[in-house]
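Open the model in your viewer and keep the selection tool at hand. The stops below go from one site to the next.

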Amino acid sequence: MNAPGPDLIETSLYEVRRKIHPRAVSGLFARWRVIMVVLTQLVFYGMPWLQWNGRQAVLFDLAARKFYLFGLVLWPQDVIYLAVLLVISALALFLFTAVAGRLFCGYACPQTVYTEIFMWIERKVEGDRIARIRLDGAPWSPRKIRLKATKHLLWVAIALWTGFTFVGYFSPIRDLGGSVMTLTTGPWEGFWMLFYAIATWGNAGFLREQVCKYMCPYARFQSVMVDKDTYVVTYDTGRGEPRRGRARSADRQALGIGDCVDCSICVQVCPTGIDIRDGLQYECIGCGACIDACDQVMDKMRYPRGLIRYTSERAMVSKLSPAAARRRLLRPRVVLYASLWMVLCAGLLTALAMRSPLKVDVLRDRQSLGREVDGQWIENVYRLQVSNTTEQPMRLAIEAGSGTLAGVQVDGDMSAVALAPLSNRLLPLRVRVPIEKAGQGTHPVEFAIHARVLREGGSAAAVRPGNDVVVRQSSTFIVPAGL
Ligand code: SF4
Ligand code: SF4
């Protein structure tokens, strides 16, 4: 390949990573980030230890194909509820993004939360920004080895506990704890614990902002979810420029300069290493650290706060008052997202409340169309797949009827079929019609399955006396020609 000539510029498409050493910051948004870290981690680490009805309250038991969510047990047939839950979560994300940009990224995304935890440990062990920059630049020494080893030991401990907790959502966590202590963990559990631990350690300890910049698709399509009225972290160029350092006593009007003292502290605290003064960039996760930092500088300079603030592009360009900007938050797309979200939430809650504790599938026996029995009956054979979705035993009574056939009856005693908690049964069912009443052809037939939920131990006393669940299923009864 020819070497580039004097008028050719060779550019590498690969950008070498510049390690970021974010400076610690305090303030309103930093407090919110701490609150969100504590809340999300209390939920994540605490939830699998909660008990409900003598079992783990939240357990996604993939082997048994059942999801336990407190009093709710979801079966594979209930995947529609999970699909609706995903749509509700996506709509909530659209809604929050339309209102205030990347709120989720800045405060609740696991990548942000674990990076915050890991950076907090890093600061406690190695010191703040300058100390860390010096330590990273220094040659290896016993002190550097001790500090780095301590940091990694703490990181690894948190990563392993995170991996253990993650797997504890899929495998009963108390048994899992016992198997970890005795080193008898199954191969899949061991693999996923280590995988999740390594992912946490690598993403929060090393990759950090690169996950947001290069791996997360949300940053790429957020531009279609925000508009001129969305609140985003914004630098007030009109107020801040021209930027220049000055003494606190300097008269900025006389000097013809803006409020930005060009201290670069907003850049130093940024976890993605960007300069918000260059405008909104896709790397910005909306964490608000630069707002806290700049407010502190403004306080020191005795200037009004808010040179960097949460506001909308329209408010900034049209110089809207904060109240006018807030009023524009209630716009058609926000109302639409909020309405859809509320309708779906109400629909999901209603569907869950009305969910039948008994699931029934009727399958016709395709081997025989219909047969004559004892010269008196025409018989069709079915198979009923019944599932008890509750954690109590059930007793079933099965009846059959038809609008076009008289004398339909179920063969055998099907008035007290036992069904264990959270179990399936395949019931063979023979349905008969007196031969003299069986007109040739295909007739509709309806099964009514009455279910009574019993008390613990299967006593005959009903939990909801007089309020049995009835599930109806339709099928066909065939009277073949020539019988
Ligand atoms: S912290 Fe504020 S004053 Fe300092 S450089 Fe950033 S915008 Fe300017
Ligand atoms: S620019 Fe400000 S809000 Fe955006 S990521 Fe950096 S510090 Fe956070």
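Which residues are linked in a network of salt bridges? Select Lys19, Glu122, Glu126, Asp128, Arg132, Asp136, Lys148, Lys151 and Arg208. Those residues form the network. Bear in mind that this is a predicted model.

**Helices α4 and α5**

Select α4 (residues 110–126) and α5 (residues 129–137). Their axes come within 9 Å and cross at roughly 75°. Angles of 65 to 115 degrees count as roughly perpendicular, so α4 is roughly perpendicular to α5. Now show side chains at the contact. From α4 come Glu122, Arg123 and Glu126; from α5, Ala131, Arg132 and Leu135. Four of the contact residues are charged and two are nonpolar, with no polar ones.

**Arg33 and Glu116**

Next, select Arg33 and Glu116. Their side chains form a salt bridge, 3.0 Å from N to O. Arg33 sits in helix α1 (residues 28–46) and Glu116 in α4, so look for partners 83 residues apart. Arg33 has a relative accessible area of 7%, so it is buried.

**Arg314 and Asp229**

Move to Arg314 and Asp229. Here the salt bridge is 2.8 Å, N to O. Arg314 belongs to helix α15 (residues 313–317), while Asp229 is in the loop between α10 (218–221) and β6 (232–235), so the bridge ties together parts 85 residues apart in sequence. Buried or partly exposed: which is Arg314? Arg314 is partly exposed, at 29% relative accessibility. Asp229 is buried, at 5%.

**Arg239 and Asp259**

Select Arg239 and Asp259 for another salt bridge, at 2.6 Å from N to O. Arg239 is in helix α11 (residues 237–240) and Asp259 in the loop between α12 (252–255) and α13 (265–268), so the pair joins parts 20 residues apart in sequence. Both residues are buried.

**Ligand 1**

Around it are Tyr235, Cys260, Val261, Asp262, Cys263, Ser264, Cys266, Arg277, Cys294, Met298, Leu307 and Ile308. Colour this shell by residue class: nine are nonpolar, one is polar and two are charged.

**Ser179**

Finish at Ser179, in helix α7 (residues 173–181). Its relative accessibility is 12%, below the 20% cut-off, so Ser179 counts as buried. Leaving out residues up to four places away in sequence, Ser179 touches Thr184 and Thr185.

Conventions. Residues are numbered from 1 along each chain as its sequence is written. Chains are lettered from A and ligands numbered from 1 in the order in which they are written. This is a predicted model: local features need pLDDT of at least 70, side-chain atom pairs count only at pLDDT 80 or more; totals for chains, interfaces and linings use all residues. Side-chain values use heavy atoms; hydrogens and water are left out. Helices (H or I, at least four residues) and strands (E, at least two) are DSSP runs, numbered from the N terminus. Buried means under 20% relative accessible area, exposed over 50%, partly exposed in between (1.4 Å probe, protein chains only). Contact means heavy atoms within 4.5 Å. Axes are lines fitted to C-alpha atoms, for helices over the stretch in contact, and angles run from 0 to 180 degrees between N-to-C directions. Angles under 35 degrees count as roughly parallel, over 145 as roughly antiparallel, 65 to 115 as roughly perpendicular and the rest as oblique. Ala, Val, Leu, Ile, Met, Phe, Trp, Tyr, Cys and Pro count as nonpolar, Asp, Glu, Lys and Arg as charged, and the others, Gly among them, as polar. A residue is near a molecule or strand if one of its heavy atoms lies within 4 Å of it. A salt bridge is a side-chain nitrogen of Lys or Arg within 4 Å of a carboxyl oxygen of Asp or Glu.
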